[in-house]
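Here are my notes for a first look at this one. Keep the viewer open while you read.

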Amino acid sequence: MKRILLGLLALCLGALPLQAEMGSFLVLKSAYFYPSLNGGKKVLTRNKTAYPVVGMEFVGEDKMLFQVLVPTDQISTGSGFIVETDQELKENKDALIKVYPSLPSTKADLTDYQLVPVAALLITGRQETQADFPQLAFRAVNYKGALPQTYWVDDWAGIYRPEKESTWLNQVFEELSRTQLPEDRRDRVLMGLVETGFTEQEVRQALGEPTQRERLATGEIQWIYANKKILFEAGKVAQVL
């Protein structure tokens, strides 16, 4: 499976719209951030915050690690290679670009790259090719800026929402933190679960805004989402379809 994933990665070396690509992970418990899957100096975090997810890895049969993107104020400099054209950089000016420290090959670790904001890139003009990827043109770049840091965190430390951005999840968590909801109910909302008795506000916090609202002949209000319908009676969930 890992070889298959690396093969797909080799075909997708372009810009990565991180905030929407793999969802987000909300850290709810004190946990360690690991700089790599192979270890390294771990960092204890107690911040209850959602971060964009940029990678996932199974460890054993029943454990998963999430690779999250953590903002930092530390200024970093470096150099490497990208595959994006000037036009692609222009179209993805708010994206984070994968900068490989050396020319990627089929024998290299294709997960070894630095995510760099487009604004921090300096194109040197040098271009090289690699026999393993003849269809790609690798452009040499330098970079300098406050680069986000990637860390791995255990799945038990929080909640993963594959379809939601970290900014949205952080906003919902802040809203819920100001309420008197029991912790188990709060966590169900954060996980995107909807149950009978939920209020309209709790459904919004769990799923976001519906794509459509309608009043049925029975007098019930129906909210329509991509993969479910929610029926309300007297402002509370009566049925999940």
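The points below go from the whole chain down to a few local spots.

1. First, the ground rules: this is a predicted model, so local features need pLDDT of at least 70 and side-chain atom pairs count only at pLDDT 80 or more, while totals for chains, interfaces and linings use all residues. Residues are numbered from 1 along each chain as its sequence is written, and side-chain values use heavy atoms, with hydrogens and water left out.

2. On confidence, pLDDT is the predictor's own score for each residue, from 0 to 100. The protein chain averages 88, with 91% of its residues at 70 or more. Where pLDDT is low, the predicted coordinates should not be read in detail.

3. Overall, the protein chain has six helices and 16 strands; these are DSSP runs numbered from the N terminus, helices being H or I with at least four residues and strands E with at least two. The C-alpha atoms fill a box of roughly 65 × 40 × 35 Å along the principal axes. Of the 241 residues, 40% are buried, where buried means under 20% relative accessible area, exposed over 50% and partly exposed in between (1.4 Å probe, protein chains only). Among contacts between residues at least 6 apart in sequence, 59% join residues at least 24 apart.

4. Now follow the strands E13 (residues 212-215) and E14 (residues 221-224), which run antiparallel and are joined by four bridges; two strands pair if DSSP finds at least two bridges between them. Arg213 sits opposite Trp223 in E14. Five residues lie between the strands of this hairpin, where Gly219 takes a positive phi near 95 degrees.

5. E14 also has four bridges to strand E15 (residues 229-233), again antiparallel. Here Ile221 faces Phe232 in E15, and a hairpin of four residues links E14 to E15.

6. Where does Pro162 sit? Look in the loop between strand E12 (158-161) and helix H4 (166-177). Pro162 counts as partly exposed because its relative accessibility is 43%. Not counting residues up to four places away in sequence, Pro162 touches Met22 and Gly23. Pro52 is 110 residues from Pro162 in sequence, but the two are 9.7 Å apart in space, C-alpha to C-alpha.

Key: Contact means heavy atoms within 4.5 Å.
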